[in-house]
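Hello,

Here is the structure you asked about. Please open it first, then read my notes below.

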Amino acid sequence: MVSDNDMIMITEGLTNVYIARKLTQKSNLTVLTNDMRVAMEFANSPVNNVILLGGDVKEYAVYGQLAENNMQYFSVKHLFVEVDAINKQAGIMVSSISKASFIQKAIRSAEIVSVVCLANCFGEKSLYRVGSVDLADKIITNSALDDSYKDYLFGLNIQVYTSVDIYEE
């Protein structure tokens, strides 16, 4: 999904930290992120560049108007967005309004949007709606995803990527 020399964005989330760890093996990536843990994965890489957006610190990430305003200066090929729930009726959902707003702005800056969501969070709901499921070009999850959701996503022409263990080393 990611090639050497790409400019990508990885939003806040533990699964995204593991994705970042794997991507450090690539060369000449420019990585834009609001997650301090993602930034630290790339910080010591002599062959990749990381840009940490500024903003209000909330646990491991930055959010708020400053982070959203900074995003307007960037255009990325691939965006990896970690979410808290995917529901057929409610769409893509997260647990905070600041996260929802940030993701909505990030999507506007990306050519390809990959939504990262653990299989046990499909069919669930969270408090804030990011948007409809079809804003995703790709869904990344683990292999426990129910076949009915795979069929639903395929029907929306969304590519689905599963892993036996999304955290495997």
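Start at Met93, which stands opposite Arg129 in β10. Keep in mind that this is a predicted model.

How many bridges pair β7 with β8? There are 3, again in the antiparallel sense. β7 takes in residues 85-87, and β8 takes in residues 91-94. The two form a hairpin, with 3 residues between them.

**The whole chain**

Zoom out next. The protein chain has 5 helices and 12 strands. Its C-alpha trace spans about 45 × 35 × 25 Å along the principal axes.

Why call the chain compact? A compact globule of 169 residues would have a radius of gyration near 15 Å, and the protein chain has 15 Å, so the two agree.

Contacts tell you how the chain comes back to itself. Take those with a separation of 6 or more: 57% of them involve residues 24 or more positions apart.

**Inside and surface**

Of the 169 residues, 49% count as buried. The accessible surface comes to about 8,200 Å². Carbon and sulfur atoms hold 47% of that surface.

Last, the charges. There are 14 positive and 20 negative side chains. The centres of these two sets lie 3 Å apart.

Best wishes

Technical notes. Residues numbered from 1 in each chain as written. Predicted model: local features only at pLDDT ≥ 70, side-chain atom pairs only at ≥ 80, totals over all residues. Heavy atoms only, no water. Helix = DSSP H or I, 4+ residues; strand = E, 2+ residues; numbered from the N terminus. Rg over C-alpha atoms; globule rule 2.2 N^0.38 Å. Buried < 20%, exposed > 50% of the residue type's maximum accessible area, 1.4 Å probe, protein only. Contact = heavy atoms within 4.5 Å. Areas by Shrake-Rupley, 256 points an atom, 1.4 Å probe, with all protein chains shown as cover. Lys, Arg positive; Asp, Glu negative; His and termini not counted. Charge placed at Lys NZ, Arg CZ, Asp CG, Glu CD. Pairing = 2+ DSSP bridges.
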